[in-house]
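Me: I have a protein model open and want to learn how to read it. Can you take me through it feature by feature?

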Amino acid sequence: MPRPSQRVEQDELRARMRAVGMSHDEIAIEFGRRYRLRPRAAHRVAHGWTQQQAANHINTHAVHVGLDPHGAAPMTAPKLSELENWPLPNNRRRPTPRSSPCSPRSTTPASTT
């Protein structure tokens with residue numbers, strides 16, 4: 001019998017972990033360990049989001065908290081990929097607070113000091 005895809009495996013594991021009451025943070029830690037994901041990617045996968053879905057959540061949240069009142073949607077899936085993979089050698093552009101104004105769980109903008 002063929003092994004299920006990694007995404008299917010992650011979906012099943014996430015469902016089992018949530019069913020026993022584990023938080024998304026706890027799931028992210030396990031996914032990071034088990035699938036060798038970097039922390040930002042592990043948290044995204046712990047929620048079951050694609051990069052585009054996560055970018056949409058970030059943009060919606062930015063509008064909701066007033067960081068992007070005009071809905072200019074500055075976060076895209078490719079930009080999120082860069083942020084998730086930084087500081088790998090093939091990703092030399094350093095993220096700035098401007099390129100990542102908030103996360104889906106943030107309620108206030110990051111300090112600029």
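The dialogue below goes from the overall fold to single residues.

Me: What should I know before I start?

Reply: This is a predicted model, so local features need pLDDT of at least 70, side-chain atom pairs count only at pLDDT 80 or more, and totals for chains, interfaces and linings use all residues. Residues are numbered from 1 along each chain as its sequence is written, and side-chain values use heavy atoms, with hydrogens and water left out.

Me: How many helices and strands does the protein have?

Reply: Start with the definition. Helices (H or I, at least four residues) and strands (E, at least two) are DSSP runs, numbered from the N terminus. Here there are 5 helices and 0 strands. Along the sequence the pattern reads α-α-α-α-α.

Me: What share of the residues is buried?

Reply: Buried means under 20% relative accessible area, exposed over 50%, and partly exposed in between (1.4 Å probe, protein chains only). In this protein, 29% of the 113 residues are buried. The accessible surface is about 7,800 Å². Carbon and sulfur atoms hold 55% of that surface. Those areas come from the Shrake-Rupley method with a 1.4 Å probe; for residues, only the protein chains shown count as cover.

Me: And how do I read contacts along the chain?

Reply: A contact means heavy atoms within 4.5 Å. Take the contacts between residues at least 6 apart in sequence: 47% of them join residues at least 24 apart.

Me: At what angle do the axes of α1 and α2 cross?

Reply: Axes are lines fitted to C-alpha atoms, for helices over the stretch in contact, and angles run from 0 to 180 degrees between N-to-C directions. The axes of α1 and α2 cross at roughly 145° and come within 11 Å. For handedness, compare the near helix with the far one: turned anticlockwise by less than a right angle is left-handed, clockwise is right-handed. The α1 and α2 crossing is right-handed.

Me: Which residues meet there?

Reply: From α1 come Gln 6, Glu 9, Gln 10, Leu 13, Arg 14, Met 17 and Arg 18. They meet His 24, Glu 26, Ile 27, Glu 30, Phe 31, Arg 34 and Tyr 35 in α2. By class, this contact has 5 nonpolar, 3 polar and 6 charged residues. Ala, Val, Leu, Ile, Met, Phe, Trp, Tyr, Cys and Pro count as nonpolar, Asp, Glu, Lys and Arg as charged, and the others, Gly among them, as polar.

Me: Which residues of α3 are buried?

Reply: In α3 (residues 39-47), the buried residues are Ala 41, Ala 42, Arg 44, Val 45 and Ala 46. Their cover includes α1 (6-19), α2 (24-35), α4 (51-64) and α5 (77-85).

Me: Where is phi positive in a residue other than glycine?

Reply: One case is Arg 36, with phi near 55°. Arg 36 lies in the loop between α2 and α3 and is exposed, at 75% relative accessible area. A glycine with positive phi, near 80°, is Gly 48, which follows α3.
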